[in-house]
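Reader: I am new to this structure. Please take me through its terms, one by one.

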Amino acid sequence: MSPSKLTLYNAKICPYAQRAVITLKEVGAEYEQVEIDLLNKPEWYTKDIYPEGKVPLLDVDGTRIPESLVIVELVNNLFKAKLFPEDPIKRAQIQVAIELFAVGSLSFQVLRDGISHEEYIQKAEAALERLNGFLLEQAASGPYFLGEEYSFADIAFAPIVARFLVFNKSFINGYAPAAVQNSTRLNEFFQGILSRPSFKESYIGDEEYAAFVRKRFNL
Ligand SMILES: N[C@@H](CCC(=O)N[C@@H](CS)C(=O)NCC(=O)O)C(=O)O
């Protein structure tokens, strides 16, 4: 049974929030959306809605559920969608791959902690190589994490990958990862998840994302 009222607290800039939007689109849910300005967060959000002050948060008939991956699974279950593979091993493997692909925190290491571009590139290439291994473990060709089957893995990765590529282009001197150029599987995966309509319809856009990073970090 689908819930009677869904309200998503979203910030278009946020990759985690985009996971929730993609999932809602994939299942064809009707929902209301409240945009939270992360650079000027309204007091009422932290005070009345979610003390952690983070997005996304999904209100389901008055019950508030935060955390992107929890929301993805909840929406999948509410709408009896098939975004989670039946095989518990595959699910676990996807969860590990998501957890270990921490390129978002790598960009913070450049912006906040001042690690060098060389160090960033070294860590990024290692993360991509590992992801390539995970992809090949599932299927020899894509376009998705599991091969031809679209799943929550693709939802989890797409917003992170999109912002990672923009960050490289705009803030790491146009760095184009060698691992992506050298691996058809990885390349195909990135193209597959980034060309999915639910991703494209919910993505803030390359320029807008780069502009946000510049503003947020006074670059
Ligand atoms: N683990 C959380 C992370 C959510 C998160 O960190 N969201 C950021 C924006 S991308 C946020 O709301 N930060 C609070 C702030 O910027 O004040 C999830 O997966 O939903």
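Author: What follows sets each term beside its definition.

Reader: What should I know before we start?

Author: This is a predicted model, in which local features need pLDDT of at least 70 and side-chain atom pairs count only at pLDDT 80 or more, while totals for chains, interfaces and linings use all residues. Residues are numbered from 1 along each chain as its sequence is written.

Reader: What makes a run of residues a helix or a strand here?

Author: Both are DSSP runs, numbered from the N terminus: helices are H or I with at least four residues, strands are E with at least two.

Reader: Which strands form the open sheet, and in what order?

Author: Four strands do, in the order β2-β1-β3-β4, with mixed pairing. Two strands pair if DSSP finds at least two bridges between them.

Reader: What makes β2 and β4 edge strands?

Author: Each of them pairs on one side only. β2 covers 32-35 and β4 covers 63-66. The twist from one strand to the next averages 20°.

Reader: How do you know that β1 and β2 pair?

Author: Four bridges link them, in the parallel sense. The definition asks for at least two. Therefore β1 and β2 count as paired. Asn 10 stands opposite Glu 35 in β2.

Reader: In what sense do β1 and β3 pair?

Author: In the antiparallel sense, over four bridges. Tyr 9 has Leu 57 in β3 as its bridge partner.

Reader: What joins β3 to β4?

Author: Four bridges do, and these strands run antiparallel. Val 60 has Thr 63 in β4 as its bridge partner. β3 and β4 form a hairpin with two residues between them.

Reader: Why are α7 and α11 called roughly perpendicular?

Author: Helix α7 (residues 152-171) and helix α11 (residues 206-216) pack at about 65°, with axes 10 Å apart. Axes are lines fitted to C-alpha atoms, for helices over the stretch in contact, and angles run from 0 to 180 degrees between N-to-C directions. Angles under 35 degrees count as roughly parallel, over 145 as roughly antiparallel, 65 to 115 as roughly perpendicular and the rest as oblique. Therefore α7 and α11 are roughly perpendicular.

Reader: Which residues meet there, in α7 and α11?

Author: Arg 163, Val 166, Ser 170 and Phe 171 in α7 meet Asp 206, Tyr 209, Ala 210 and Val 213 in α11. Two residues are in contact if their C-beta atoms, placed from the backbone, lie within 7 Å. By class, this contact has five nonpolar, one polar and two charged residues. Ala, Val, Leu, Ile, Met, Phe, Trp, Tyr, Cys and Pro count as nonpolar, Asp, Glu, Lys and Arg as charged, and the others, Gly among them, as polar.

Reader: Why is α5 called roughly parallel to α7?

Author: Helix α5 (residues 103-111) and α7 pack at about 25°, with axes 9 Å apart. The limit is under 35 degrees, so α5 is roughly parallel to α7. Val 103, Gly 104, Ser 107 and Val 110 in α5 meet Ile 160, Phe 164, Phe 167 and Phe 171 in α7.

Reader: What handedness does the crossing of α5 and α7 have?

Author: It is left-handed. A crossing is left-handed if the near helix is turned anticlockwise from the far one by less than a right angle, and right-handed if clockwise. α7 passes α11 in a right-handed crossing.

Reader: Where are the cis peptide bonds of Pro 56 and Pro 143?

Author: One runs from Val 55 to Pro 56, with omega near 5°. Pro 56 is in the loop between α2 (43-49) and β3. Another joins Gly 142 and Pro 143, with omega about 15°. Pro 143 lies in the loop between α6 (117-138) and α7.
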